[in-house]
Amino acid sequence: MSTARRFEDTAIHVDVKDYYGKKLQKQTDLKSNACLAPSQPTPTHVLKALKKVHADVTDRYYGCGLVVPECLEGCSILDLGSGSGRDCYMLSQLVGQSGHVTGIDMTEEQLAVARAHIDHHMKEFGFKNPNVSFVQGYIEALSEAGLQKNSFDIIISNCVVNLSPDKKRVLAEAYNVLKDGGEFYFSDVYSSDRLTEDIKQHKVLWGDYKFVSVTYRLFKTPKGSPEPRQVMYNGNITGVEGAFQFDSQYTFKVNEVVEVDGEVASILSHSRFAGEFTFQPQGGTSGPCAVRPQPAVVDPFQLVLQRGEKGSAAGGCCSAKSATCCK
């Protein structure tokens, strides 16, 4: 009788854990300036939430973007590579007492910092019961770490997927634990070309690339060929009441009719955003002509050049059937 083989450290995992767990004790220990600020202003409600996170936690934050998707109230969120827990504690305020945030990380030292501050944050947030928990495990083996299939509304990750030697497995595991209609919203760094062998052997650059940071949003939607639709944003999502920038192609202004392709129509109608939009068939508007978005910029490096943002975090692009769209 065969048994499942447990996931084991590779040499890369060992080096990454050593770097983030032992060599780095605070942000100033980073050996490059690769961790960059988002390209757009941080929303006021997010800034307010970040200010309530304990300094010991924020001092050990090494992300490359801001992983705060919209419409979070009551959601169940998983943070891949949660580190000291900064993003988890920030998001726990946004999901509220009825939601829950789970962080998974392979580095014991980082998890110790995150777990040590649970009681402090719950008291600070005014929550009777903890809505945050932390699990030790690998982002390539989520089910092995005890995370159930079809159990999360949203998965986030902040500059962690690039550290995995098996990125396809990370995506497959994320897909399995997402609910139908769920979203994988992750910020990470990318190179415009294949890495040389010298760079591959440069352990600092595994954790601190100097390339472009992009946030992707991937959705678990039904397979098929959905029809284009006309949609109208109702303006009820916290922080984006007037206009909701969904990705680099689509910005939905309140009460404005917008034409969307079949893929985006499927995402909006099958995800947590379904109740935030009014849907009608293509060509169904009886008012002014519907807004038609500009063609999407797929290459994130082209998007950075288009926006004139040198070396800064960026949003952009879309991809892949039944797990789609990015910001």
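Which helix is included in what covers the buried residues of H2? I looked this up in a predicted model. Helix H4 (86-95) is part of that cover.

**Entry: helix H2**

I went through H2, residues 44-51, and noted Val46, Ala49 and Leu50 as buried. These three sit on the same side of H2, because they cover an arc of only 100 degrees around the axis. I then checked the other side of H2 and found Thr44, Lys48 and Lys51 exposed there.

**Entry: nonpolar cores**

I turned to the largest nonpolar core, which has 30 residues. Ile77, Met90 and Leu91 touch the most other members of this core. I listed the elements that each supply at least two of its residues: H2, H4, helix H5 (108-116), helix H6 (118-125), strand E3 (132-136) and strand E4 (152-158). H4 gives the largest share, six residues.

I looked at Ile77 separately. Leaving out residues up to four places away in sequence, I found Ile77 touching Leu72, Leu91, Val95, His100, Val101, Thr102, Phe152, Ile154 and Ile156. Apart from this core I noted another, of 21 residues, with Ile139, Leu142, Leu178 and Phe186 among them.

**Entry: positive phi**

Cys71 has a phi of about 65 degrees, positive although the residue is not a glycine. I placed Cys71 in the loop between helix H3 (55-58) and strand E1 (76-80).

I found Asn150 in the loop between E3 and E4. Asn150 is at 46% relative accessibility and therefore counts as partly exposed.

**Entry: salt bridges**

How many salt bridges does the structure hold? I have six on record.

One of them pairs Asp87 with Arg86, and I noted 3.0 Å between the closest N and O atoms. Asp87 is buried, at 4% relative accessibility. Arg86 is buried too, with a relative accessible area of 11%.

I next took the bridge between the side chains of Glu183 and Arg217, at 2.6 Å from N to O. Glu183 is in strand E5 (residues 178-190) and Arg217 in strand E6 (residues 212-219), so this pair ties together parts that are 34 residues apart in sequence. I checked burial and found both Glu183 and Arg217 buried.

The side chain of Glu183 also meets that of Arg272 in a salt bridge, at 2.9 Å from N to O. This pair links distant parts of the chain, 89 residues apart, with Glu183 in strand E5 and Arg272 in the loop between H10 and strand E11 (277-281). Through shared partners, salt bridges join Glu70, Glu183, Arg217 and Arg272 into one network.

**Entry: Ser266**

Is Ser266 buried or exposed? I read 7% relative accessibility for Ser266, so it counts as buried. I located Ser266 in helix H10, residues 262-270. Setting aside neighbours within four places in sequence, I found Ser266 in contact with Thr221, Pro222 and Pro226.

Terms used
Residues numbered from 1 in each chain as written. Predicted model: local features only at pLDDT ≥ 70, side-chain atom pairs only at ≥ 80, totals over all residues. Heavy atoms only, no water. Helix = DSSP H or I, 4+ residues; strand = E, 2+ residues; numbered from the N terminus. Buried < 20%, exposed > 50% of the residue type's maximum accessible area, 1.4 Å probe, protein only. Contact = heavy atoms within 4.5 Å. Arc of directions from axis to C-beta. Core = buried A, V, L, I, M, F, W, Y, C linked by side-chain atoms within 4.5 Å. Salt bridge = Lys/Arg side-chain N within 4 Å of Asp/Glu carboxyl O.
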